[in-house]
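Biologist: Can you take me through this structure one piece at a time? Plain words, please.

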Amino acid sequence: QPTQAATESYTIGTDVTFPPFEFANKQNQYVGIDIDLMNAIAKQQGFKVTIKPLGFNAAVQALEAGQIDGVIAGMSITPERQEKFAMSDPYYQSGTVMAVAKDAKIKGLSGLRGKRVAVKTGTASADYANAQKKKYGFSVVTFDDSNNMYQDVMTGNSAACFEDKPVMQYGIASGMKLKIVGKTTMKSDYGIAIKRSESATLLKKVNAGLKALKANGQYDKIVRKYLGNGS
Ligand code: GLN
């Protein structure tokens, strides 16, 4: 066998808290579908990876500035992001939902007139809320992470938040005092964002790894580990 070149090493940014995709467990270790998936891709493709929980917007900014090589953070594949970054093949279907306090009477967007809505900086859901605020007459307040956004709704400061459906469902199933109202919008797939200059290298490995893990059942195993058989 020929001598292998030195193992490539990449830094990937992620969100601080976005369960079941990335979150700190009781031992304060970062776990989740994205974390396991990224590590499995690296192992399958033979490269080293360091995952940094920077926060969603901060991770995207760091990638744009070329400080990191990629982002895995339940990141929706959008045309704007495809222009800035090399987006991997899709790995999970998602969309945006509206959530309100468990005992709230609001049933949808039309219940938001004159009220305040919480969103997370730089997300597709924030774009959605900002696009609807004029029509439905609500104001928007931004948070850097999902927990603070949920808190603002649970304490009654905000009437609603907009969040990714699988994340909101997981949070509610874990006991968060919120409920989903209305329809799912902004349907999109999650992809791994890669630095454009790594299109011929890291992007190819990521897509090849994803494909292999989907084919050999490891992808399903990772998703089942966090979501059980129901999802
Ligand atoms: N899927 C959403 C987006 O890409 C939210 C991602 C996140 O909050 N980590 O904008």
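This is a predicted model: local features need pLDDT of at least 70, side-chain atom pairs count only at pLDDT 80 or more; totals for chains, interfaces and linings use all residues.

Biologist: Start with α8. Which of its residues are buried?

Modeller: Helix α8 covers residues 218–227, and its buried residues are Tyr219, Ile222, Val223 and Tyr226. Looking down the axis of α8, those buried residues fall within an arc of 95°, so they line one face of the helix.

Biologist: And what is on the other side of α8?

Modeller: Lys221 and Lys225 are there, and they are exposed.

Biologist: What do the buried residues of α8 pack against?

Modeller: There are strands and helices in the list. The strands are β2 (23–24), β3 (30–31) and β7 (92–101), and the helices are α1 (33–45), α6 (165–173) and α7 (202–215).

Biologist: What comes just after α8?

Modeller: Gly228, which takes a positive phi of about 70°.

Biologist: OK, α1 now. How far apart are its end C-alpha atoms?

Modeller: They are 18 Å apart.

Biologist: Which residues of α1 are buried?

Modeller: Ile33, Asp34, Ile35, Asp36, Leu37, Met38, Ala40, Ile41 and Ala42. Strands β1, β3 and β4 (48–53) are among the elements that cover them, and so are helices α7 and α8.

Biologist: What about the residue just after α1?

Modeller: That is Gly46, with a positive phi of about 70°.

Biologist: Back to the helices. At what angle do α1 and α8 cross?

Modeller: At roughly 155°, and their axes come within 9 Å. Angles over 145 degrees count as roughly antiparallel, so α1 is roughly antiparallel to α8. The contact uses Ile33, Asp36, Leu37 and Ala40 from α1. From α8 it uses Gln218, Tyr219, Ile222, Val223, Lys225, Tyr226 and Leu227.

Biologist: Is that crossing left-handed or right-handed?

Modeller: α1 passes α8 in a right-handed crossing.

Biologist: And at what angle do α1 and α7 pack?

Modeller: The angle is about 100°, and the axes are 9 Å apart. That makes α1 roughly perpendicular to α7. Leu37, Met38, Ala40, Ile41, Gln44 and Gln45 in α1 meet Lys205, Val206, Ala208, Gly209, Leu210, Ala212 and Leu213 in α7.

Biologist: Then which two residues does a cis peptide bond join?

Modeller: Pro19 and Pro20, with omega about 10°. Pro20 sits in the loop between β1 (9–14) and β2.

Biologist: Which residues other than glycine have a positive phi?

Modeller: Asn28 is one, with phi near 60°. Met186 is another, with a positive phi of about 50°.

Biologist: Where are they?

Modeller: Asn28 lies in the loop between β2 and β3, and Met186 is found in strand β11, residues 178–190.

Biologist: How exposed is each of them?

Modeller: Asn28 has a relative accessible area of 61%, and over 50% counts as exposed, so Asn28 is exposed. Met186 is partly exposed, with a relative accessible area of 36%.

Methods:
Residues are numbered from 1 along each chain as its sequence is written. Side-chain values use heavy atoms; hydrogens and water are left out. Buried means under 20% relative accessible area, exposed over 50%, partly exposed in between (1.4 Å probe, protein chains only). Helices (H or I, at least four residues) and strands (E, at least two) are DSSP runs, numbered from the N terminus. The arc is that of the directions from the helix axis to the C-beta atoms. Contact means heavy atoms within 4.5 Å. The expected span of a helix is 1.5 Å times one less than its number of residues. Axes are lines fitted to C-alpha atoms, for helices over the stretch in contact, and angles run from 0 to 180 degrees between N-to-C directions. Angles under 35 degrees count as roughly parallel, over 145 as roughly antiparallel, 65 to 115 as roughly perpendicular and the rest as oblique. A crossing is left-handed if the near helix is turned anticlockwise from the far one by less than a right angle, and right-handed if clockwise.
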